[in-house]
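The sequence and structure are shown below.

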Amino acid sequence: MGQGESVFQGNDLEDYKALTFLTGPEITQVLKRFRELVAINKPHQSYTKWRLSKKQAVNINELYQNPFRERIVEVFSSQNDGSISFEDFLDMMSVFSEKAPKSVKVSYAFKIYQGIYKGDRPDGATATLNAIDLYDIREIVHRLSGENFADEELTKIAEAVIHEVDLRDDKTITSEIFEYFLSNVPDFPSSFVIPLSDGKEDRHVIHEVDLRDDKTITSEIFEYFLSNVPDFPSSFVIPLSDGKEDRHVTSTVSVQPDATVPSVKHRRHRQNV
């Protein structure tokens, strides 16, 4: 085992190699990347206990510009709260790698699209089980287009899509139909890829600064945040004035002779008493 692989516990690395489509060095890179994202939260914990909250996960560089980022996090999360562990993250990067077979990508694409619509449905109906329905298609079209279509326009587009692939004539798309449809899209596997970020532009992760998701900012988080602001040192500067334009000070400040505010002069005076 290489030096980089020794960071794994027991037979974890061998298990990960057997359960993913990644090599040992690639898995080590995924661990390194995940450490960059979460180590500041709990730097002394084992990687097996690290977790990104859902709010943090949807803002990582790998997902930030993906229109389905929230749904992707929900699908790969092993917890109901949508938080992501290292193994969840590893699974995601494996499925979205170039080496993952088309069948696996199709299966996960179906999971992401099925039930993606979270709004109200007529008569209190719920999402169609094990199938993508008209409302899911509407949501998918809306996210992919980035356009603010009127409800009627979205419905027409969704109905047209379902009409093309609905082999059962029930206005739903099952996993079998979905797989059959994508079998005729040769570029699908290469488009269903998320590259691992180098972490150089992780500003999206700290979009809300609160990396611990507890509505507080520790000194470590504050320092990490400012490390991503290259202009901070040059902006945190107060030049010494030459005093030529001190009119504002003299016209607005009233100096009291018995002022007790601590100052260099005040401290020297006390030392001489």
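The model examined here is predicted.

Two cavities of 30 Å³ or more are counted. The second largest cavity has a volume of about 30 Å³. Its lining consists of Leu52, Ala57, Ile60, Leu63, Val73, Ile84, Phe89 and Met92. By class, this lining of the second largest cavity comprises eight nonpolar residues, with no polar and no charged ones.

## The largest pocket

The largest pocket holds about 580 Å³ of space. Its lining comprises 24 residues, and Phe68, Tyr113, Ile140, Leu144 and Phe178 lie nearest the centre of the pocket. Two or more lining residues come from each of H6, helix H7 (134-145), helix H8 (151-165), helix H9 (175-182) and helix H10 (188-191). H7 supplies the largest share, four residues.

In the lining of the largest pocket, 22 residues are nonpolar, two are polar and none is charged.

## Packing of H4 against H6

The axes of helix H4 (residues 69-76) and helix H6 (residues 102-113) come within 9 Å and cross at roughly 115 degrees. Angles of 65 to 115 degrees count as roughly perpendicular, and H4 and H6 are therefore assigned to that class. The crossing of H4 past H6 is right-handed.

On the H4 side, the contact is made by Arg71, Ile72, Val75 and Phe76, and on the H6 side by Tyr108, Lys111 and Ile112. This contact of H4 with H6 includes five nonpolar and two charged residues, but no polar ones.

Key
Residues are numbered from 1 along each chain as its sequence is written. This is a predicted model: local features need pLDDT of at least 70, side-chain atom pairs count only at pLDDT 80 or more; totals for chains, interfaces and linings use all residues. Side-chain values use heavy atoms; hydrogens and water are left out. On a 1 Å grid over the protein atoms alone, a cavity is a set of points where a 1.4 Å probe fits but cannot get out, and a pocket is an open set with protein on both sides within 12 Å along at least five of seven lines; lining residues have an atom within 4 Å of a point. Grid points are joined across faces, edges and corners, and a volume is the space filled by probe spheres set on the points. Ala, Val, Leu, Ile, Met, Phe, Trp, Tyr, Cys and Pro count as nonpolar, Asp, Glu, Lys and Arg as charged, and the others, Gly among them, as polar. Axes are lines fitted to C-alpha atoms, for helices over the stretch in contact, and angles run from 0 to 180 degrees between N-to-C directions. Angles under 35 degrees count as roughly parallel, over 145 as roughly antiparallel, 65 to 115 as roughly perpendicular and the rest as oblique. A crossing is left-handed if the near helix is turned anticlockwise from the far one by less than a right angle, and right-handed if clockwise. Contact means heavy atoms within 4.5 Å.
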